[in-house]
Each structure stands twice: as C-alpha cells, then as structure tokens.
Amino acid sequence: MRFVLKLLLLLLILASGAFGAAWFWVQQPLTLSQASVELSIEPNTLPRDVAQAWVTAGVQTSPRWLYEWFRWSGQAKLIRAGSYEIHTGTSPRQLLDKMVRGDEALETVKLIEGWTFRQFRAALAKAPALKPASAAMSEAEIMAALGAPQLPAEGRFFPDTYAYSRGVSDLTVMRRALQAMQRRLDAAWAARAPNLPLKSADEALILASIVEKETGRAADRGLVAAVFVNRLRIGMPLQTDPTVIYGLGDAFDGNLRRRDLQTDTPYNTYTRGGLPPTPIAMPGQASLQATLHPDASRALYFVAKGDGSSAFSETLTEHNRAVNKHQRGIQ
C-alpha cells in the first residue's frame with residue numbers, strides 16, 4: 001500500500017512538473033526564422049495542418065507541440081481561416097489567441113473617384129499581397145467571374161478604400177467593390193428626386209460618371225448635375241468633353257481638338273444625343289447623390305473659370321460672355 005501511495009505521489013509530481021513545463025512553454029516567445037512570419041490559412045484546414053504550416057513558414061518549434069497546445073486549450077476548432085502575421089516575442093498562447101480572434105494581417109487598396117476600369121485594374125495589379133487572378137482575363141470574363149456577365153465593367157465598382165487579407169484574389173476585392181456600387185446605386189435610385197429624365201438606375205450611373213468627371217469643385221457638383229439633367233429634359237445634346245475623350249481611347253494624346261469633337265463614336269455627346277452607352281468612370285457617392293438630387297437651376301451651360309470652379313449660365317448669350325471672360329480674357 002505504501003508503494004502504491006509513493007508511486008501515485010511520484011506520478012502526481014511528474015504530472016505537475018510536466019504541466020508546469022508545458023504552461024511555461026506556452027507563455028514563452030517562440031523562436032522565429034526571421035523578424036516576422038506570415039501564414040494564410042485556408043478554410044477547413046485541420047488544426048494539425050495549421051501547426052505544421054506555421055513551422056514550415058518559419059516558427060522554429062515542434063509542430064506536435066503546437067498542435068497539442070491547440071488541442072489541449074479546447075480552442076482548436078475555433079481557429080479561423082485568414083492571413084496572419086506574428087513577430088518576434090509572440091508566444092504560443094498569443095499565436096492561438098490571434099487565430100481564434102481572427103486578428104488578420106490586412107492590406108488596403110484605395111480606388112479613386114473618377115477612375116476608369118483600366119485604372120482600377122492597374123491599382124489592383126500594384127496592390128501588395130493580392131493574388132492577380134484576373135490578370136489574364138478580359139473585361140467580359142471578369143464580369144462573368146463576378147456573377148454579372150450582363151453588365152459592362154466600366155463604372156460598376158464603388159471607389160473606396162478596401163481592406164483585404166494577404167494572399168486573397170483580386171477578384172475578391174472586385175466583387176466587394178461591385179456589390180458596394182450596386183447597393184449604393186439602388187439606394188440612391190430608390191430615393192431619387194421626382195420627374196428626372198432618367199429611365200433606370202443604369203442611366204443614373206452613366207450620368208453620375210459624367211458629373212464626376214466634369215466637376216472641378218465639390219460645391220459645384222449639384223449645379224453640374226442640373227445642367228445635364230436640364231439638357232436631357234429638353235433633348236439638348238450633352239456636349240461634354242470627357243465622354244469624347246473616353247470614346248477616343250488610346251487615340252487621345254492629351255489634347256482635345258476640334259476634329260475630335262466632330263469624330264463620331266458612341267461616346268461623342270456632340271454628335272449624338274442622349275447618354276453614352278456606358279459609364280465613363282467610377283462615380284463616387286457625392287456624384288450619385290447630385291445626379292439624383294440636382295440643384296434647382298435652369299442653367300444649360302457652364303465653363304471652367306480657371307480656379308477649379310465653373311460659371312453657370314441659362315442662355316447661350318450669357319455662356320458666350322462667360323467663355324470670353326474666363327477662357328479668352330475678354331471682358
């Protein structure tokens with residue numbers, strides 16, 4: 001009986017020592033192969049494989065120890081997929097806490113109001129740690145992959161700053177931007193002012209993209225929108241340079257000439273009435289709101305004053321005087 005008691009006591013001491021050693025290890029900084037170690041965990045990855053992946057990535061410890069810690073903690077099944085980064089000084093306990101919280105290492109990409117889809121793609125191509133899944137795709141293939149094969153790509157993505165996990169596909173960011181634009185467009189269209197000469201939300205998006213490109217000063221946005229709405233209402237051509245430039249594509253050399261205004265394309269709003277067939281850029285929230293709630297004005301013309309603002313006129317005679325004053329220096 002004494003032998004059994006001594007044996008039990010010895011086992012208890014050994015167990016306590018093992019527990020103490022394990023707890024001490026859990027609290028100590030892990031040795032890393034470099035100052036920081038990154039890992040992307042895919043959905044449904046087993047905890048044992050997560051432990052091995054960290055070791056493969058540069059955590060210099062036993063994958064068995066890591067896995068046993070995940071399992072013993074009772075939180076192994078709570079580990080979330082995502083992109084993670086740990087630095088020198090991170091303990092096994094902190095590592096597990098980070099994965100359970102979903103405390104990911106995120107990057108951001110900023111999309112600017114007035115950018116074209118080509119500029120949007122260029123920004124995504126330069127964004128850090130973003131997988132270029134769409135690099136070899138055409139615009140039509142991208143829209144099909146995003147679940148919107150019937151839509152043109154231009155103007156369909158909301159300009160904003162998007163955070164993403166390292167290693168995700170650029171299509172993931174595109175999908176979020178596409179959905180964000182659709183939500184904002186739907187909301188703006190549902191709350192639109194009455195009696196606008198616009199037949200659909202898509203037409204509102206096209207006009208908003210023109211307002212975006214034509215607005216030099218934020219305070220003028222509502223009046224710029226009013227000019228184009230007034231022109232549409234009376235059947236007057238929009239006669240806006242940004243649509244002509246968009247229609248010229250790569251042929252535009254930075255200098256818009258008279259012959260360009262006379263060269264007919266689907267986007268030349270001097271030679272064709274109504275709206276162009278698609279947006280010409282990504283409009284922001286302010287341009288959506290201005291388009292669907294234009295200022296109360298009878299203005300049909302505006303001209304840049306040279307300081308970012310514009311002069312607005314109701315008649316052609318007033319407009320010609322404004323052109324002489326602000327662009328030709330004739331008082």
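## Elements and model

Helices are DSSP runs of H or I with at least four residues, and they are numbered from the N terminus. By that numbering, Ala-129 is placed in the loop between helix 5 and helix 6. The model described here is predicted.

## Helix 2 and its buried face

Helix 2 covers residues 47-57, and its buried residues are Pro-47, Val-50, Ala-51 and Trp-54. Viewed down the helix axis, these residues fall within an arc of 100 degrees, so they line one face of helix 2. An α-helix has 3.6 residues a turn, so residues three or four places apart point the same way.

Just after helix 2 comes Gly-58, with a positive phi of about 140 degrees.

## Helix 5 against helix 7

Helix 5 (residues 117-126) and helix 7 (residues 170-190) have axes that come within 11 Å and cross at roughly 135 degrees. Angles of 65 to 115 degrees count as roughly perpendicular and those over 145 as roughly antiparallel; helix 5 and helix 7 are therefore oblique to each other. Their crossing is right-handed.

On the helix 5 side the contact is made by Phe-117, Phe-120, Arg-121 and Leu-124, and on the helix 7 side by Asp-170, Val-173, Met-174 and Ala-177. By class, the residues of this contact are six nonpolar, no polar and two charged.

## The loop between helix 5 and helix 6

Ser-134 lies in the loop between helix 5 and helix 6 (139-145). Ser-134 counts as buried because its relative accessibility is 3%, and the limit for buried is under 20%. Leaving aside neighbours within four places in sequence, Ser-134 is in contact with Arg-121, Ile-142, Asp-170, Leu-171 and Met-174. Among these, Arg-121 belongs to the helix 5 side of the contact described above, and Asp-170 and Met-174 to the helix 7 side.

Ala-129 is in this loop too. The relative accessible area of Ala-129 is 38%, so the residue is partly exposed. Its phi is positive, about 60 degrees, although Ala-129 is not a glycine. Most residues other than glycine have a negative phi.

## Asn-195, between helix 7 and helix 8

A positive phi also occurs at Asn-195, with a value near 65 degrees in a residue other than glycine. Asn-195 lies in the loop between helix 7 and helix 8. With a relative accessible area of 69%, Asn-195 is exposed.

## Helix 8 against helix 12

Helix 8 (residues 201-214) packs with helix 12 (residues 285-292) at an angle of about 115 degrees, and their axes are 8 Å apart. The crossing of helix 8 and helix 12 is right-handed.

Helix 8 contributes Ala-204, Leu-205, Leu-207, Ala-208, Val-211 and Glu-212, which meet Ser-287, Leu-288, Thr-291 and Leu-292 of helix 12. The residues of this contact divide into seven nonpolar, two polar and one charged.

## Val-227 in helix 9

Val-227 is part of helix 9 (residues 221-234). Its relative accessible area is 0%, so Val-227 is buried. Setting aside neighbours within four places in sequence, Val-227 is in contact with Ala-299, Leu-300, Tyr-301, Phe-302 and Phe-312.

Ser-313 is found in strand 6. Ser-313 is buried, because its relative accessible area is 5%. Neighbours within four places in sequence aside, Ser-313 is in contact with Ala-299, Leu-300, Tyr-301, Glu-318, His-319 and Ala-322.

Note on methods. Residues are numbered from 1 along each chain as its sequence is written. This is a predicted model: local features need pLDDT of at least 70, side-chain atom pairs count only at pLDDT 80 or more; totals for chains, interfaces and linings use all residues. Side-chain values use heavy atoms; hydrogens and water are left out. Axes are lines fitted to C-alpha atoms, for helices over the stretch in contact, and angles run from 0 to 180 degrees between N-to-C directions. Helices (H or I, at least four residues) and strands (E, at least two) are DSSP runs, numbered from the N terminus. Angles under 35 degrees count as roughly parallel, over 145 as roughly antiparallel, 65 to 115 as roughly perpendicular and the rest as oblique. A crossing is left-handed if the near helix is turned anticlockwise from the far one by less than a right angle, and right-handed if clockwise. Contact means heavy atoms within 4.5 Å. Ala, Val, Leu, Ile, Met, Phe, Trp, Tyr, Cys and Pro count as nonpolar, Asp, Glu, Lys and Arg as charged, and the others, Gly among them, as polar. Buried means under 20% relative accessible area, exposed over 50%, partly exposed in between (1.4 Å probe, protein chains only). The arc is that of the directions from the helix axis to the C-beta atoms.
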